[in-house]
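Me: I have a model open and would like to go through it with you, one question at a time. Shall we start?

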Amino acid sequence: MAKNKQIHFKMHGLKKDTDDLVSPGAFGSKLVQLEKTLKLMDESANGESGFNYGIKDLKIGSVEVVLEEFPYPPLLRPQRSGIEEFNNFAAKVRSGDTALFDISHKVMLENLKDLCKGVGKNFSYAELDIQGKNSTKIIIDETFQSKAKQTVVEIEKKLPLFKGITYETHIGHLKEVDLRNEIPKAKLILFVNRIELPCICKSISIKTLCDSLNKAVSVLAKAKYDGIYRLPKSLDLVSIEIFREPGKLSDWKGKFDIPYPNRKEVI
Amino acid sequence: MARNVFWDSNIFIAFLKQESAYKEYLEVMEDILETPDYRIFSSQLALAEVSMGKIEEAKTKSFVEFVNTFQQTITLIPTTPNIWINAGKRVRHLAEIYHSVMP
């Protein structure tokens, strides 16, 4: 019968002020995060949760715990160990080779980032060791943390972006209307983070443009995407609607009959 | 410093319907709406989901007025094709892990 895998987790405190002591809060939160990450690795490897994790040993005189993986339900042992998956995954992150990852690994990487959170601030570093053949001892330190962060940044860069034209509605303030050329131009400053989108206004009358200047508007536009930038490169305005003075959302309490679909309808 | 919160359609629906099951949260929602420190983000999809409901006949305010207020009170994140692409990839990934995308 296959033996249950174990993982040794040891934390080291910051030497400067607490004589290498680790706060109970830091230890507790990392232990919870480690269990969460192991469960995620198990689900990812086996398609569903096949293991539970329990504390096998708490070492005396150091901040060290041994977690053991046991199959749940007990008689159905999944093929792949969550602990081994975790070890392999963390070793790949440590190698710094971001080409090994794609967007499907993002959830795991985010969990690993959470495991690193507080390194150098709440604790000095942590060790993770599965003490088996072909295993790698993982050191959770600031270098590992920056590699995990960098990997997330790199995989996000790999996402394909849309290239083409769509019709969209955008909301913002219309600024800098320029009537000097044959085709009038303007800038739409989006409400979201005040992002600036250049607009072509060939289908809009001069009067509408003048009325809309410096006002909050909702525009329907042909949006051009270049496949490089996440937002449209430019908007070709089709129509502009100027917002009236807003009321209060609270005024609309109780004035709606909104149906809640039941679960069967959703499925 | 502004505090950012994201509300999905269920929050708006609970608020607008004044759902008694969420009584303890309704006051918090009201506070957030009234406090200038908070910036509420939502998605254009949430507005579409809220708009599924009809305004009771007896009330005179028009639907356009509601949308006007909603769009100016809440910072709506536009649903661009790139958001759809990412959402699609995320759903496929969750389906691979959990064999379902339902909660």
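Predicted model: local features only at pLDDT ≥ 70, side-chain atom pairs only at ≥ 80, totals over all residues.

Me: Which residue in strand 10 of chain A stands opposite Cys199(A)?
Reply: Residues are numbered from 1 along each chain as its sequence is written, chains are lettered from A and ligands numbered from 1 in the order in which they are written, and side-chain values use heavy atoms, leaving out hydrogens and water. Strand 8 (residues 196-200) of chain A pairs with strand 10 of chain A in the parallel sense over two bridges; strands are DSSP E runs of at least two residues, helices are H or I runs of at least four, both numbered from the N terminus, and pairing takes at least two DSSP bridges. The residue opposite Cys199(A) is Leu235(A).

Me: In what order do the five strands of the barrel in chain A close?
Reply: The pairing in this barrel is mixed. Neighbouring strands are turned against each other by 55° on average, direction ignored. The order is 6-7-8-10-9.

Me: How are helix 2 and helix 4 of chain A oriented to each other?
Reply: The axes of helix 2 (residues 24-46) and helix 4 (residues 106-116) of chain A come within 9 Å and cross at roughly 165°; axes are lines fitted to C-alpha atoms, for helices over the stretch in contact, with angles from 0 to 180 degrees between N-to-C directions. Angles over 145 degrees count as roughly antiparallel. Helix 2 and helix 4 of chain A are therefore roughly antiparallel.

Me: How do the residues of the contact between helix 2 and helix 4 of chain A divide?
Reply: Among the residues that meet (contact means heavy atoms within 4.5 Å) are Leu34(A) and Leu40(A) of helix 2 and Val107(A) and Leu112(A) of helix 4 in chain A. Ala, Val, Leu, Ile, Met, Phe, Trp, Tyr, Cys and Pro count as nonpolar, Asp, Glu, Lys and Arg as charged, and the others, Gly among them, as polar. The contact of helix 2 with helix 4 of chain A divides into eight nonpolar, four polar and three charged.

Me: Is Lys158(A) buried, partly exposed or exposed?
Reply: Lys158(A) sits in the loop between helix 5 (142-157) and strand 6 of chain A, and touches Thr98(A), Ala99(A) and Phe101(A), not counting residues up to four places away in sequence. Buried means under 20% relative accessible area, exposed over 50%, and partly exposed in between (1.4 Å probe, protein chains only). Because its relative accessibility is 45%, Lys158(A) is partly exposed.

Me: Which strands of chain A do the buried residues of helix 4 of chain B pack against?
Reply: The buried residues of that helix include Phe66(B), Val67(B) and Phe70(B). Within chain B, they pack against helix 1, helix 3 and strand 4 (75-77). In chain A, they pack against strand 6 (163-178), strand 9 and strand 11 (256-257).

Methods:
Parallel < 35°, antiparallel > 145°, perpendicular 65-115°, else oblique.
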